[in-house]
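Visitor: I'd like to learn how to read a few features off a model. Could you walk me through it?

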Amino acid sequence: MRKALTYAVALVAAATLIAGCDTGGANQAAPAPSTTATTAPEPSASASSPTPEPSTPATTAPAPKPQKLKSGVKGEKVVALQQRLTELGYWNGKGDGTFGSQTQQAVYALQKAAGLTRDGVVGPKTQKALDRGVRPKVRSTSGRVIEISKKSQLLMLVDDGKVTEVFNTSTGSNQHYEHEGQTYLADTPSGRFKVSRQIDGWRKAPLGLLWRPKYFNGGIAVHGANSVPPYPASHGCARLSVSAMNYLWSSDKIPLKTKVWVY
């Protein structure tokens, strides 16, 4: 009786050991023989083959992120970008396949019109704005008018109520500054004006250099500058890039007496 109990305990221990080693790998236990058989059959050569390993599901590599177009990038995608910007009226000079400062200024303008982050980089959101053909809204309905939106920081050439060209601009910062012991506000006053005088070259003004300025409100002008950020930063004038100002002069887009609306 004692031997029978010992044998039974050994069988239970062996069964526990086998169950604990079943990790689901290749060395799995063979199927148990039928309970009706009195003698275990001898394994054949084919039966001794190991159970094949379970197949591992194939993993799909994540799709690469679309390339962002930004300053310094060159190629056909940049050419397509430049052509699309021109189609929509965002001035960026002659498309040459190089994402330079002119293209960046045009992207700034597009992002402003679309209400996007003004980083000058063409990512998915900016590309969608291009695909949708986003253009700024204007207020004038007749004649040639230069519209300057302080809210969106855009300068627009408008003909009979239709925007024809759009530029990134930087107007008054609305910060106080001191000049010759007096404190002033860097503001671009709203109103309706006309271009009254101009200087073809650099104007060394008391507050800095102005390239080919077109004055429309006393000492406030549309002029070229070496720095035109996508936010208000001037003392009150409407800054454009030097290349944009050269274009406006060479094409006579803002002759004297042109209407200028600031709002």
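Visitor: Leaving aside neighbours within four places in sequence, which residues is K77 in contact with?

Guide: Keep in mind that this is a predicted model. Contact here means heavy atoms within 4.5 Å. Once the neighbours within four places in sequence are set aside, K77 touches Q67 and L69.

Visitor: How far apart are K77 and Q67, in sequence and in space?

Guide: The two sit 10 residues apart along the sequence, and their C-alpha atoms are 9.8 Å apart. As for the local setting, K77 belongs to helix 2, which covers residues 76-88.

Visitor: Is K77 buried or exposed?

Guide: The cut-off to know is that exposed means over 50% relative accessible area. K77 comes out at 54%, so it counts as exposed.

Visitor: Now the inside. How many cavities of 30 Å³ or more does the structure hold?

Guide: There is 1 of that size. The volume of the largest cavity is about 70 Å³.

Visitor: And which elements supply its lining?

Guide: Go element by element. Helix 3 (101-114), strand 3 (162-168), strand 11 (238-241) and helix 5 (242-250) each bring at least two residues to the lining of the largest cavity. The top contributor is helix 3, with 4 residues. Among the lining residues you'll find W91, Q102, F167, N168 and L240.

Definitions and conventions:
Residues are numbered from 1 along each chain as its sequence is written. This is a predicted model: local features need pLDDT of at least 70, side-chain atom pairs count only at pLDDT 80 or more; totals for chains, interfaces and linings use all residues. Side-chain values use heavy atoms; hydrogens and water are left out. Buried means under 20% relative accessible area, exposed over 50%, partly exposed in between (1.4 Å probe, protein chains only). On a 1 Å grid over the protein atoms alone, a cavity is a set of points where a 1.4 Å probe fits but cannot get out, and a pocket is an open set with protein on both sides within 12 Å along at least five of seven lines; lining residues have an atom within 4 Å of a point. Grid points are joined across faces, edges and corners, and a volume is the space filled by probe spheres set on the points.
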